[in-house]
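User: Hey, I'm new to looking at protein models. Can you walk me through this one?
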Amino acid sequence: MPDIGSLFIQLFSGLSRAMMLFLLSSGLSLIFGVMNILNFAHATLWLVSAYLTYSFFQFFSSFWGTEPWVLIPAITLATGIMFVFGMVIERFLIRRMYPRELPEQLLLTFALILILGDLIKLIWGVENRRIILPIEPMEVMGSFVNPYFFVIIASGCLIALGLWWFLHRTKYGKIVRAAVYNRDMVSALGIRIPAIYAGVFGLGVGLASLTAGVFLPIMPLSLGIDMDLIIQCFAVVVIGGFGSILGTFIASLIVGIIYSFSILIWPDGALAVIFIILVTVLIWRPWGLFGTEMRY
């Protein structure tokens, strides 16, 4: 029987994983909810962002050392660049897919995975990369915990609140929600739908970039990690309901915590447990826990 310290560590690890899944899946869910685009390359854009953040951190560290705060300008710069890159992808590639069927969307985004993967190999090589920050672990309930996990959990909660505030309290967020319900009516009011789509896609990629930077100190970068993440992200989005930010947040908590405790009890079947939950939800509510026909 695991002691209370081990259970606390697993809970803490599960919450951290849940925040990572939420930060990454929220962009995926937002893009689909507004644009009806399944961006299969979302995690690969996350991986490109992580390598970009790593390069900026190495550059800034040559001037200021490897202090934890140096990560902040690196994340900010990488997120800004990836936001613009996301808008460029929407403008020149994704926009052409709006009248097309789902298989063609998946084909395009899968091609992006291959192209971006080769781009990573050309620029950064195939070696694993990692940022190591000088942070000492702290003792909690007889176990040692990396204090950086508190930063991750706090970041996830703050971004969840920020997304809710953006969608429900800002003029642009209300326009985005209105476009989900009736894009023709929004367009009739003189609001340019393509500009909204470009902004939403850029925001989704920007969220992925932010996630990559926040998790860089605890997760080594390696080729192929994006494919593992995108499968789990789709599980989160399907369980929570496509297009529902609240559903994505709740589903991330469910998947993250259950996965963490499953590793403790049944290591080889931890991922299988997640998909058993996914199948159960799909049988009970095919549109997900919080998904509806009118998504927000």
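User: What should I know before we start?
Analyst: This is a predicted model, so local features need pLDDT of at least 70 and side-chain atom pairs count only at pLDDT 80 or more, while totals for chains, interfaces and linings use all residues. Residues are numbered from 1 along each chain as its sequence is written, and side-chain values use heavy atoms, with hydrogens and water left out.

User: OK, rings. How many aromatic pairs are there?
Analyst: The search of the whole structure gives 11 aromatic pairs. Rings of Phe, Tyr and Trp (its six-membered ring) pair if their centres lie within 6.5 Å; planes under 30 degrees apart are stacked, over 60 edge-to-face, and the rest tilted.

User: How are phenylalanine 22 and phenylalanine 249 arranged?
Analyst: Phenylalanine 22 and phenylalanine 249 are edge-to-face, 5.1 Å centre to centre with 90° between the planes. The pair links distant parts of the chain, 227 residues apart: phenylalanine 22 is in helix 1 (residues 4–35) and phenylalanine 249 in helix 10 (residues 245–265). Helices here are DSSP runs (H or I, at least four residues), numbered from the N terminus.

User: Is phenylalanine 22 buried or exposed? And what about phenylalanine 249, buried or exposed?
Analyst: Phenylalanine 22 is buried, at 0% relative accessibility, and phenylalanine 249 is buried too, at 19%. Buried means under 20% relative accessible area, exposed over 50%, and partly exposed in between (1.4 Å probe, protein chains only).

User: What about phenylalanine 59 and phenylalanine 63?
Analyst: Their ring centres are 5.2 Å apart and their planes are at 75°, so phenylalanine 59 and phenylalanine 63 are edge-to-face. Both sit in helix 2 (residues 42–64), and because they are 4 residues apart, about one helical turn separates them. Phenylalanine 59 is partly exposed at 47%, and phenylalanine 63 is exposed at 58%.

User: Which residues do ring pairs link into a cluster?
Analyst: Phe59, Phe60, Phe63, Trp64 and Trp69 are joined that way.

User: Switching topic: which residues touch the most other members of the largest nonpolar core?
Analyst: Val34, Met35 and Trp46 do, in a core of 82 residues. Helix 1 gives the most to this core, with 14 residues. A nonpolar core is a set of buried Ala, Val, Leu, Ile, Met, Phe, Trp, Tyr and Cys residues joined through side-chain atoms within 4.5 Å.

User: What does tryptophan 46 touch?
Analyst: Not counting residues up to four places away in sequence, tryptophan 46 touches Leu24, Ala208, Thr211, Ala212, Met219, Ile225 and Leu229. Contact means heavy atoms within 4.5 Å. There's also a second, separate core of 14 residues, which includes Val238, Ala270, Ile277 and Val281.

User: Back to helix 10. How many residues does it have?
Analyst: Helix 10 has 21 residues and reaches 30 Å from its first C-alpha to its last, close to the 30 Å expected at 1.5 Å a residue. That expected span is 1.5 Å times one less than the number of residues.

User: What covers its buried residues?
Analyst: The cover includes helix 1, helix 5 (148–169), helix 9 (225–240) and helix 11 (270–284). Among the buried residues of helix 10 are Gly247, Phe249, Val255 and Tyr259.

User: And what happens at the start of helix 10?
Analyst: A side-chain oxygen of serine 244 comes within 2.9 Å of the backbone nitrogen of glycine 247. A polar contact is a pair of N or O atoms within 3.5 Å; within protein, one must be able to donate a hydrogen and the other to accept it, and residues adjacent in sequence count only if both atoms are side-chain atoms.

User: Now glutamine 105. Where is it?
Analyst: Glutamine 105 is in helix 4 (residues 102–124), and it's buried at 6% relative accessibility. Its side chain reaches the backbone nitrogen of leucine 38 at 3.4 Å.

User: What is threonine 109 in contact with?
Analyst: Leaving aside neighbours within four places in sequence, threonine 109 is in contact with Leu38, Asn39, Phe40 and Ala41. Threonine 109 also lies in helix 4 and is buried, at 1%.

User: Where does asparagine 39 lie?
Analyst: Asparagine 39 lies in the loop between helix 1 and helix 2, and it's buried with a relative accessible area of 0%.

Definitions and conventions: Helices (H or I, at least four residues) and strands (E, at least two) are DSSP runs, numbered from the N terminus.
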